Amino acid sequence: RRDIGAAQNELLITSGDDSKMKAVRDVLEERLVKRSVPLKALTFGDVEKALGQTARQKVTLQEGIPSDKAREIVKVIKGSKLKVQASIQGEQVRVTGKSKDDLQTVMQLLKSTDLGIDMQFTNRR
């Protein structure tokens, strides 16, 4: 069930008890995988007890890169000693460099580093 008062990037799951909550979560994850939505883009909150025996759980969808993760990405890139510059621009990290090979190496480095978030790469000329 979608809570009407929630923000655009949040879902509120309600169910009768914890076991049903797990089943609803499994169905949600299965449907998102079928639609090619990465599960790293979801952040599940704690299961809260509501009235009676019902349970609630808030699910937040990732939009952009959080600032703490952006700083961590820049730190990883600078630690690689490649000739590229990384800068944080809002909810994005922009990497510039002269060599395409260096940029592709940075992409592979970030894919192999588990930062706990979903990352998408775009090439702008």
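This is a predicted model: local features need pLDDT of at least 70, side-chain atom pairs count only at pLDDT 80 or more; totals for chains, interfaces and linings use all residues.
The chain has three helices and five strands, and from the N terminus on they come in the order β-α-β-β-α-β-β-α. The radius of gyration is 19 Å, well over the 14 Å that the globule rule gives for 125 residues, so the chain is more spread out than a compact globule.

**Overall dimensions**

- Taken along the principal axes, the C-alpha atoms fill a box of roughly 60 × 25 × 25 Å.

- Strand β4 covers residues 84–89 and strand β5 covers residues 92–97, and the two pair in the antiparallel sense over six bridges.
- If you want a pair to look for here, take Val84, whose bridge partner in β5 is Gly97.

**The three-stranded sheet**

- β1, β3 and β2 form an open sheet of three strands in the order β1-β3-β2, with antiparallel pairing.
- β1 (10–15) and β2 (42–49) stand at the edges with a single partner strand each, so one side of each has no neighbour in the sheet.
- From one strand to the next, the twist averages 20°.
- As background, strands of a sheet pair through backbone hydrogen bonds, either parallel or antiparallel.

**How β1 meets β3**

- β1 and strand β3 (residues 55–61) run antiparallel and are joined by six bridges.
- Leu11 has Val59 as its bridge partner in β3.
- Ser15 stands opposite Ala55 of β3.

**How β2 meets β3**

- β2 pairs with β3 over six bridges, again in the antiparallel sense.
- Phe44 has Val59 as its bridge partner in β3, and Val59 is also the β3 partner of Leu11.
- Leu42 sits opposite Leu61 of β3.
- β2 and β3 form a hairpin too, this one with five residues between the strands.
- In the turn of the β2–β3 hairpin, Gly52 has a positive phi of about 65°.

**The α2–α3 packing**

- Two packed helices are described by the angle between their axes and the distance between the axes.
- For helix α2 (residues 67–79) and helix α3 (residues 100–112), the axes come within 11 Å and cross at roughly 125°.
- That angle makes α2 oblique to α3, since the cut-off for roughly antiparallel is over 145 degrees and roughly perpendicular spans 65 to 115.
- The crossing of α2 past α3 is right-handed.
- On the α2 side the contact is made by Ile73, Val76 and Ile77, and on the α3 side by Val106, Leu109 and Leu110.
- Sorted by type, the residues of this contact are six nonpolar, with no polar and no charged ones.

Methods: Residues are numbered from 1 along each chain as its sequence is written. Side-chain values use heavy atoms; hydrogens and water are left out. Axes are lines fitted to C-alpha atoms, for helices over the stretch in contact, and angles run from 0 to 180 degrees between N-to-C directions. Helices (H or I, at least four residues) and strands (E, at least two) are DSSP runs, numbered from the N terminus. Angles under 35 degrees count as roughly parallel, over 145 as roughly antiparallel, 65 to 115 as roughly perpendicular and the rest as oblique. A crossing is left-handed if the near helix is turned anticlockwise from the far one by less than a right angle, and right-handed if clockwise. Contact means heavy atoms within 4.5 Å. Ala, Val, Leu, Ile, Met, Phe, Trp, Tyr, Cys and Pro count as nonpolar, Asp, Glu, Lys and Arg as charged, and the others, Gly among them, as polar. Two strands pair if DSSP finds at least two bridges between them. The radius of gyration is taken over C-alpha atoms; the globule rule is 2.2 Å times the number of residues to the power 0.38.
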